[in-house]
Structure formats: C-alpha cells, structure tokens
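I opened this entry to go through the fold, the ligand site and the charged pairs. My notes follow the order in which I looked things up.

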Amino acid sequence: MRRFELALPRSVDDCLKTLAKRGADAKVVAGGTDLLPQLKNGLLRPAFVVDLSGVVLLRRLGVNRQGLRVGAAVTAREIELDPRIQKDYPALAESGALVGSIQIRNLATVGGNLCNAAPSADMAPPLLALEAEAVIAGPQGKRRVPLVDFFQGVRRTVLAPDELLVELVVPAPKARSGGNYLRHTPRRELDIAVVGVASQLTLSNGVCAKARIALAAVAPTPVRATAAEQALEGQPVTPEQIERAAELAVGAAQPISDQRGSAEFRRHLVRVLTRRTLTTALARAGH
Ligand SMILES: Cc1cc2nc3c(=O)[nH]c(=O)nc-3n(C[C@H](O)[C@H](O)[C@H](O)COP(=O)(O)OP(=O)(O)OC[C@H]3O[C@@H](n4cnc5c(N)ncnc54)[C@H](O)[C@@H]3O)c2cc1C
C-alpha cells in the first residue's frame with residue numbers, strides 16, 4: 001500500500017478546504033470497508049486521505065413528519081437498529097441489516113455505500129424506491145441531486161473530487177405505504193447481492209397511488225423499474241398485477257453473466273424478488 005498523509009477534519013468546511021487543496025490526489029474515508037481493500041490491492045493510490053470520522057454533522061440522523069435525514073457517515077448498523085426507520089422505512093432498515101457482518105456494519109456508512117457506487121450496493125435500491133435526494137457540498141456551496149441521477153456507472157457518481165456527500169433526504173411515505181428489500185446471495189453471510197430488489201407502494205381508495213421498484217446488481221448502476229411501476233399505478237394491486245409488474249421489471253435489467261450467476265439466472269431473480277417484495281410491501285401498506 002502506498003504511504004499517505006491523513007487529515008482528521010472536524011467540520012464539513014475543513015473537509016472541503018482539504019479536498020480543494022489536494023484535488024484528485026485525495027480520497028475521503030468513512031468506515032473504510034470499501035476503501036481500505038482498494039488501497040491494499042493498489043486499485044487506488046491517493047497521497048492524501050481525509051478521515052470523516054470526526055465530522056459530527058455527517059453522523060446526524062433525524063426523523064420528523066417531513067421525512068428522514070441521514071448523515072452520510074451514519075452506519076448500516078444504526079440504520080438497521082433505529083426503531084423509527086424500522087417502522088416507517090422498513091426496506092431501508094432491511095438493507096442496512098444485510099450489509100456484511102455486525103463488525104462491518106458498525107463501520108460501513110450509508111455514504112460510503114452510495115459513493116463507492118458498486119452495482120450491488122444494498123442501501124441504494126431502498127433509497128431509490130423512497131425517492132431520496134443526495135445533499136452534496138462543494139466549493140460552490142450545497143446542491144441537491146435526486147438519487148436516481150447520482151450514479152453514473154460502475155464506481156462512478158456525479159461527485160467531483162472536491163465534493164462531499166453530506167446527507168440523504170428521504171421524504172416521509174404517505175399513509176398506507178409499505179416497503180420491502182430482499183436480495184439473493186449464494187452464501188447467507190458475507191456475500192454481495194447477485195440481485196437486490198426494493199419495492200415501495202402507497203395505496204389510496206383501493207388502488208395503487210404510487211409504486212417504486214429499484215434493482216441492484218443487474219446493470220452498471222442501481223436502476224428503477226419504471227415500466228413495472230407505471231403498470232401498477234392507478235390499478236388495484238392484485239396477484240395478477242404483481243405478476244405482470246414482476247415480468248415488466250425484468251425489462252429494466254441488463255445483467256451480465258459472471259462467476260456469481262448467469263444473466264438468465266439474474267433475470268429470473270428479478271422476477272421472483274420483485275413479486276416477493278411487492279407482496280410484502282402491499283401487506284405492510286395495510287391491504
Ligand atoms: C467483508 C465485507 C462485506 C461486505 N458486505 C457488503 C454487503 O453485504 N452489501 C453491501 O452493499 N456492501 C458490502 N460491503 C461493502 C462496504 O462495506 C459497504 O459498501 C459500505 O457501506 C461502505 O461504507 P464505508 O463507510 O466503509 O465506505 P468507505 O470505504 O469509507 O468509502 C467508500 C467510498 O466512498 C467514498 N466516500 C465515503 N464517504 C463519502 C462521502 N461522505 N462523500 C464522498 N465520498 C465518500 C470514499 O472515498 C470511497 O471511495 C462489504 C465489505 C466488506 C469488506
């Protein structure tokens with residue numbers, strides 16, 4: 001591993017100043033569970049590392065009637081265990097609970113999960129289905145980017161080298177909403193998703209008022225299954241409609257074949273996990 005200098009800023013402003021000075025030669029580290037292996041295997045060779053662990057603002061987790069604000073350095077373990085997230089944002093709590101092991105989850109942050117931009121990132125699909133926005137700070141101030149526009153490719157996001165993901169803003173789901181996240185892994189523990197699916201439904205007057213379905217590990221970035229969403233909206237959510245949506249969700253996937261599963265197996269998993277997550281989301285919405 002290349003030797004690097006370490007900065008321990010106490011505020012977002014200090015982070016930004018350091019990043020502005022060091023530019024592309026600097027990398028920020030939150031939990032380090034993605035970054036450290038990449039430093040060790042030589043994939044990244046920054047001369048400067050900015051440690052976010054001392055920036056209290058990034059660790060804030062706030063829930064109110066407007067919704068949820070999750071600081072970028074909130075850990076997967078905190079998300080998994082927060083009773084307010086479990087109650088109103090269950091898909092997000094479920095995704096946090098699936099990351100790595102307890103040791104990993106105590107370090108792994110939501111910001112790291114998103115900024116690392118792996119197609120299989122578990123916390124991305126629920127946040128996409130919940131229509132989260134990313135709050136990004138940079139030299140020109142703050143900007144908000146809908147999460148659906150945040151990912152640009154494998155390990156690529158809209159973040160410039162001198163920008164920092166500060167928090168995620170998640171609007172509160174309306175009454176009679178429910179969500180669910182499921183993934184398939186060949187091993188039960190310490191494996192990454194071969195496919196992950198999050199579904200989020202809102203019901204009104206006996207029909208689906210809003211449907212959001214997001215998929216992981218089937219394209220270069222996490223993606224929404226918009227045709228499936230549109231097929232559900234305005235309709236009663238029957239088993240037949242769910243089956244049709246599951247079929248349509250397959251169309252949003254552009255999976256590859258690799259050692260962890262063939263493209264055909266991944267398409268099959270999209271169908272099965274979409275059906276299961278929609279069924280659970282419907283039950284949670286109080287059908
Ligand atoms: C054994 C093991 C098991 C794992 N299992 C899973 C799993 O089941 N599911 C899953 O999704 N992931 C898994 N991971 C990957 C990893 O744990 C997660 O992606 C985790 O959420 C990364 O968070 P972190 O804080 O450790 O990120 P870090 O490693 O600190 O950072 C990751 C990247 O994001 C950047 N970054 C971090 N925070 C910010 C910020 N605020 N602004 C700008 N850039 C930032 C860093 O510069 C780096 O490029 C696993 C990793 C290991 C080692």
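I count a salt bridge when a side-chain nitrogen of Lys or Arg lies within 4 Å of a carboxyl oxygen of Asp or Glu. I also note at the start that this is a predicted model.

**Entry 1: salt bridges**

I ran the rule over the model and got 20 salt bridges. I looked up arginine 284 and glutamate 94, and their closest N and O atoms are 2.7 Å apart. The pair joins distant parts of the chain, 190 residues apart. Arginine 284 sits in helix H11 (residues 263-284), and glutamate 94 sits in helix H5 (residues 90-98).

Arginine 284 has 37%, so I log it as partly exposed. Glutamate 94 has 22%, so I log it as partly exposed as well.

Next I checked aspartate 191 and arginine 260. Their side chains form a salt bridge at 2.6 Å, N to O. Aspartate 191 is in the loop between strand S11 (177-184) and strand S12 (195-204). Arginine 260 is in the loop between helix H10 (239-250) and H11, and the two are 69 residues apart. Both residues are buried.

Glutamate 229 is in helix H9 (residues 226-232) and arginine 212 is in strand S13 (residues 207-216), so the bridge ties together parts 17 residues apart in sequence. Both glutamate 229 and arginine 212 are buried. I then followed the shared partners: Glu131, Lys210, Arg212, Arg224, Glu229 and Glu233 are joined into one network.

**Entry 2: ligand**

Which residues come closest to the ligand? I found 31 residues around the ligand, the closest being Val28, Thr33, Asp34, Leu35 and Thr109. Aspartate 34 brings a polar side-chain atom to 2.5 Å. Arginine 183 has a polar side-chain atom at 2.9 Å. Glycine 100 uses a polar backbone atom, at 3.0 Å. Alone, the ligand would expose 990 Å², and the protein buries 89% of that.

**Entry 3: domains and surface**

I noted three domains: domain 1 (5-51), domain 2 (56-171) and domain 3 (178-284). The C-alpha centres of domain 1 and domain 3 are 35 Å apart.

I also looked for nonpolar surface. Met1, Phe4, Leu6, Leu8 and Leu36 make up a patch with about 470 Å² of accessible area together. Phenylalanine 4 falls in the segment before strand S1 (5-7). Its relative accessible area is 32%, so I log phenylalanine 4 as partly exposed.

Methods: Residues are numbered from 1 along each chain as its sequence is written. This is a predicted model: local features need pLDDT of at least 70, side-chain atom pairs count only at pLDDT 80 or more; totals for chains, interfaces and linings use all residues. Side-chain values use heavy atoms; hydrogens and water are left out. Patches are made of residues with over 30% relative accessible area and no salt bridge: like charges are joined within 9 Å, nonpolar side chains (Val, Leu, Ile, Met, Phe, Trp, Tyr) within 5 Å. Accessible areas come from the Shrake-Rupley method with a 1.4 Å probe; for residues, only the protein chains shown count as cover. Helices (H or I, at least four residues) and strands (E, at least two) are DSSP runs, numbered from the N terminus. Buried means under 20% relative accessible area, exposed over 50%, partly exposed in between (1.4 Å probe, protein chains only). A residue is near a molecule or strand if one of its heavy atoms lies within 4 Å of it. A polar contact is a pair of N or O atoms within 3.5 Å; within protein, one must be able to donate a hydrogen and the other to accept it, and residues adjacent in sequence count only if both atoms are side-chain atoms. Domain bounds come from an automatic or database domain assignment.
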